[in-house]
Amino acid sequence: MKTLKLIPFLLLLIFTSCSTVTVYSDYDKTVDFTPYKTYAYFKPGIDKVEISDLDKRRILRAIDDQMQAKGFTKSENPDLLVNIFTKSREQVDVNQFTAGWGYGWGWGWNPYMMYGGQTTVSTSTEGTLYIDLIDAKKKEMIWQGEGVGTLTRNIDKKDEKIAEFVGKILAQYPPVKK
């Protein structure tokens, strides 16, 4: 009976571990999010983002798709201003694997360990995308979403990866009050 209770938990763990983007969000708990229906981009902030113009357009298209799917419309007189910020860092993974027979634990020379040892080094770029939603009238940030995951340089997968980042971040908006 106890194992039956653990199965859903293990399945949830397996499915969430397959996700390549981890998301977080924060918001002002005093804000009522229901009146917000229109949006525009905060151009001064977006102009400062230090990524290629191609990737910037990919992100903005993905945000447009998600916002419109949520019922928002773009406007010259918006309720919300959308700003983005990105950062990245290079990750280096070193894996050592030794396959051989030895004399056990301890110090000393082991002729069998000379063969079969393998070290691999791999690098990847971890990126973070922040999406800020700002009350256009008050000029105050009311919600921030953050997505962290591995980036790709493969041009055929960039749109898909960026759409995944944006989709998972904006899935947290509007926040569900408990």
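1. Let's start with Tyr173, which is buried at a relative accessible area of 1%. Here, buried means under 20% relative accessible area, exposed over 50%, and partly exposed in between (1.4 Å probe, protein chains only). Please keep in mind that this is a predicted model, where local features need pLDDT of at least 70, side-chain atom pairs count only at pLDDT 80 or more, and totals for chains, interfaces and linings use all residues. Residues are numbered from 1 along each chain as its sequence is written, and side-chain values use heavy atoms, with hydrogens and water left out.

2. Which residue pairs with Tyr173? Its partner is Phe72: the two rings form a tilted aromatic pair, 6.1 Å centre to centre with 50° between the planes. Rings of Phe, Tyr and Trp (its six-membered ring) pair if their centres lie within 6.5 Å; planes under 30 degrees apart are stacked, over 60 edge-to-face, and the rest tilted. Because Phe72 sits in the loop between α3 (53-69) and β3 (73-74) while Tyr173 is in the segment after α4 (155-170), the pair ties together parts 101 residues apart in sequence. Helices (H or I, at least four residues) and strands (E, at least two) are DSSP runs, numbered from the N terminus. Phe72 is buried too, with a relative accessible area of 7%.

3. Phe33 and Tyr36 are both buried. One aromatic cluster is formed by Tyr27, Phe33, Tyr36, Phe72, Trp143 and Tyr173.

4. Finally, Val121 belongs to strand β5 (residues 117-135). Val121 is exposed, at a relative accessible area of 57%.
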